[in-house]
Amino acid sequence: MIIELPQVGESISEGVIGKWLKNVGDSVEKFDPLVEIITDKVAMELPSPTSGILKEIIVAEGETVPIGAEIAKIESEHDNDVSRPPEPSIESKSVGTQIGTTGEILKNTAPVGPTGSGGPISTDDEVETLSDSSEKLTKTNNYISPVVARVAEKNNIDLSKVVGTGRNGRITKKDVQSHLGNTNNKPEQIPNKSNEESLDGQYRQNISPIRKIIASNMVKSATLIPQAWTLTEVDVTGIVNLRQSIKENFLKQEGINITYLPFVLKAVAQSLKTNSLLNSSWQEDHIIINRKINIGIAASTDDGLVVPVIRDADTLSITGLAQKVDELTRKSREGNLAIEDVTGGTFTLNNTGVLGSIASQPLINYPQAAIMTTEAITKRPMVVNDGIAIRSMMNICLSFDHRIMDGKEAGAFNSDVKQILESINAGTQIY
Amino acid sequence: MAIKTVLEAVREAMSEEMRLDDKVFVLGEDIGARGGVFLATEGFLEEFGESRVIDTPLAESSIAGIALGASMHGMRPIAEIEFGDFIWPTINQIVGEAARVRYGSEGKMWAPMVLRAPHGGGIRGGLYHSQSVEALFAHTPGLKVVTPSTPYDAKGLLKSAIRDDDPVVFLEHKRTYRLVRGEVPDEEYTIPIGKADVKKSGNDISVITYGLMVHHCLEAANDLINENIDVEVVDLRTVRPIDEELVLESAKKTGKILIVHEDNKVLGVGAEISAMISENVFEFLDAPISRLAGPEVPAMPFSPPMEAVYMISSEDIKKSIKELAEY
């Protein structure tokens, strides 16, 4: 049985093959973890769809393949080739008037009858359907064909520098020929020897699959969304005091630490309810406004950035949000996020304050409408009631899609968030 | 040039050769008064008379045997087997005897006979009127096996077959008889046996085929121009001897080869082409040699939907070409 990369989430078109968890020759039970798949949404383990012996690994670790690509071969006992039913025929075009000695095949003309020259037989039932004896080419992707090998050797071409356009990126004859053409056509290499061969004082670091995905998402965001940015100061003294007073008890009762994040989440979720454009998506000729409020929280892991999603954040209490945040951060640290944990986000929140930052300009998590950061809480002298008081201050920064909204809507959203956060005090209910 | 069908081209080739050479005669079941089951010899009895247009009993072994004997005595018989499916009783005469005459007699005797048979399916012929028989004969040294696809080729090749001094098995795809038409020159011409023909030139993929499938391959190739796949269609025309030079030349050019035949795949003509290419021009290959052929079942099914599944269509060919192009 050929194992294909399954559809691992909505709107996902390709995946990166992570670590193979079985070796060629290993026996595999159905549902055994077979390979890690990394998509732009999540890393997951693909369970084997069948039992048998892993015969071939077609796609090596670190390669990107489209959904449906063949990635491995497992030989099972019931490996019968079930042929597909014939597909409907397609009416063929008429050849035109040019016939020549090559001849033409007449349409709607009865051929001879089975037992001789009898009159023309009806063509009504002349079904031309597909036979399915077509050979599927299922050779491995990195296969260097004889002609590619020969041309490369003859011309001293380093095949690792040739871009493959064949199936799964295989280097075809055309690829090597056009590479050769390109190099030959270059008039004279400028003697600036800053090529890969002579990296003076530099070295090359390979890019991890998740890094590649982050990179491509960032390019999408930066190139496709015209983003504007705004910053608002928030006095969070009330939250700081509240947290201080409940944190010991909270740990005892809930088994987790209470952080500032659930308070911010609560304020953001509520504000998204009333500022629905912030919870939308640009679709060229219309805007999709999401009824659900699913807030992604950017989390840093050893491998890179992941964005687990708190679904229906507006329905959870501060404690509920705290528990959800704890669960998701634990899962991302352990690499156990499931598809549903990272999909469906409608807005993203990033706590850049943990890095000590007091202002940052985040890139929107494409195709969302906005992203907010919460910055470090610092004690600052503030003017309160015409006097100077030491207050705990926090900046919130917002990048938003300027196609969807203008500063007015973004500003209204920020001030709603600010107002909710500043209204939190010792009496605020957290359950 | 006049536009003719394959059937008309076959009829013309025989009548012209019979007019040119008294030694040429035809024999077979129902070829006289009836004019042949497909009317390939219509009007022959009237023109050439009973001595040159011989109706035989329903006995294929005898038809082949009589032709062989006559040919060894200087005649140039054209024996018609009504259907390729009924050709098996001739095997001993053709494979066991005719193919060996020149070799066995150290060149003192030869057998300039033609064994003509309509073959191939797609005509609701079921088990007994649809078989492809070329691979069995093509295995035999001493025979030539011709499988034309167009009226032009059929006429030119049949004339060469009649003039050939050694036995030729001439297999006409019966579905092409009235289905395929094309230009046939009015003036005298022949086409050498053993020469393939590039029916469409291209650079990306070589499709090597013969008989009816040539037309389906051309259809597929022309459709794929829109998808920027430049397909070369090579019509073998003769499956023994195979035009090795042209096949290898095309394979070297494109590096990607699809072989298409209606006959089943295992040990078929495609296997020989494939081996020939990898033995000689392996270093030019850019993809595994691919074959699209009939399924491994004993015969053409009678049920129309099943027959449609058996027969290869231009859509099947397109699919295979695309797979190869993407490789």
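This is a predicted model: local features need pLDDT of at least 70, side-chain atom pairs count only at pLDDT 80 or more; totals for chains, interfaces and linings use all residues.

Q: At what angle do helix 1 and helix 7 of chain B cross?
A: Roughly 30 degrees. The axes of helix 1 (residues 6-20) and helix 7 (residues 151-163) of chain B come within 8 Å. Helix 1 of chain B and helix 7 of chain B are therefore roughly parallel to each other. Helix 1 of chain B passes helix 7 of chain B in a right-handed crossing.

Q: Which residues in helix 1 of chain B meet helix 7 of chain B?
A: An α-helix has 3.6 residues a turn, so residues three or four places apart point the same way. Now the case here. Helix 1 of chain B contributes V6(B), E8(B), A9(B), V10(B), E12(B), A13(B), M14(B) and E17(B). Facing them in helix 7 of chain B are P151(B), A154(B), K155(B), L158(B), K159(B) and I162(B). The residues of this contact divide into nine nonpolar, no polar and five charged.

Q: How is helix 5 of chain A packed against helix 6 of chain A?
A: Helix 5 (residues 261-274) and helix 6 (residues 318-334) of chain A pack at about 115 degrees, with axes 8 Å apart. Their crossing is right-handed. Helix 5 of chain A supplies L261(A), P262(A), F263(A), L265(A) and K266(A). Helix 6 of chain A supplies I318(A), L321(A), A322(A) and V325(A). By class, the contact residues are eight nonpolar, no polar and one charged.

Q: What span should helix 5 of chain A have?
A: Count 1.5 Å a residue; its 14 residues should then span 20 Å. The end C-alpha atoms of helix 5 of chain A are 20 Å apart, which agrees.

Q: How many residues of helix 5 of chain A are buried?
A: The test is 20 or more other C-beta atoms within 10 Å. In helix 5 of chain A, 11 of the 14 residues are buried, so this helix is largely enclosed by the rest of the structure. Among them are F263(A), V268(A) and S271(A).

Q: What do the span and burial of helix 9 of chain B look like?
A: Its 12 residues, 213-224, should span 16 Å, and the end C-alpha atoms are 16 Å apart, which agrees. In helix 9 of chain B, 10 of the 12 residues are buried, so the helix is largely enclosed by the rest of the structure. The buried residues include H215(B), H216(B) and E219(B).

Q: What percentage of chain B is buried?
A: Buried residues make up 61% of its 327 residues. Chain B has 13 helices and 14 strands.

Technical notes: Residues are numbered from 1 along each chain as its sequence is written. Chains are lettered from A and ligands numbered from 1 in the order in which they are written. Helices (H or I, at least four residues) and strands (E, at least two) are DSSP runs, numbered from the N terminus. The expected span of a helix is 1.5 Å times one less than its number of residues. Axes are lines fitted to C-alpha atoms, for helices over the stretch in contact, and angles run from 0 to 180 degrees between N-to-C directions. Angles under 35 degrees count as roughly parallel, over 145 as roughly antiparallel, 65 to 115 as roughly perpendicular and the rest as oblique. A crossing is left-handed if the near helix is turned anticlockwise from the far one by less than a right angle, and right-handed if clockwise. Two residues are in contact if their C-beta atoms, placed from the backbone, lie within 7 Å. Ala, Val, Leu, Ile, Met, Phe, Trp, Tyr, Cys and Pro count as nonpolar, Asp, Glu, Lys and Arg as charged, and the others, Gly among them, as polar.
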